[in-house]
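Please look through the structure below with an eye to its pocket and its aromatic rings. The paragraphs after it take these two topics in turn.

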Amino acid sequence: MATFEKITTETLINAPVEKVWKLWSEPEHMMQWNTASEDWHTTQATNDLRTGGTFSSRMQAKDGSFGFDFSGTYTEVIPQSLIAYVLGDERTVTITFSAKGDQTLVVETFDAETTNPVAMQQEGWQRILDNFKKYAEHN
């Protein structure tokens, strides 16, 4: 198995963990927040959120100039607490959801890919997480 550099992003969301979990995991909600910038969108999403289940989404530039598929297989799911998955290129991702009263701390740790600079990857994943925070706090 390949060795990848680990990157961590996090955010504190002003919403209870039950709501955060629902908005994170249901495809109709994923399509609303899963983007790093206003000129991109998620055009489709599927999610079988259970250990051994799979997910996929299609992210695309709104002008149609570029797009990519993002998919993986869940290796561990603990409702309202932990999601871990592996991507097709063997990179792993772990997301924790920690209730802090009426707030939820979401921490993502993921393996960096080798094509783009680590700082760019961290910024992109953080922007998606920040977009999720905005969505969760206003829906």
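**The pocket and the rings beside it**

Helix 3 gives the most to the lining of the largest pocket, contributing 7 residues; helices (H or I, at least four residues) and strands (E, at least two) are DSSP runs numbered from the N terminus. This is a predicted model, in which local features need pLDDT of at least 70 and side-chain atom pairs count only at pLDDT 80 or more, while totals for chains, interfaces and linings use all residues. Residues are numbered from 1 along each chain as its sequence is written, and side-chain values use heavy atoms, with hydrogens and water left out.

The largest pocket has a volume of about 880 Å³, where a pocket is an open set of points on a 1 Å grid over the protein atoms alone at which a 1.4 Å probe fits, with protein on both sides within 12 Å along at least five of seven lines, and lining residues have an atom within 4 Å of a point; the volume is the space filled by probe spheres set on the points, which are joined across faces, edges and corners. Of its 31 lining residues, Met59, Phe68, Phe70, Trp125 and Ile128 are the closest to the centre.

Trp125 also forms a stacked aromatic pair with Phe110, at 3.7 Å centre to centre and 10 degrees between the planes (rings of Phe, Tyr and Trp, the last by its six-membered ring, pair if their centres lie within 6.5 Å, and planes under 30 degrees apart count as stacked, over 60 as edge-to-face and the rest as tilted). This pair links distant parts of the chain, with Phe110 in strand 7 (residues 103-111) and Trp125 in helix 3 (residues 118-137), 15 residues apart. Ring pairs link Phe110 and Trp125 with Phe55, Phe70, Tyr74 and Tyr85 into a cluster.
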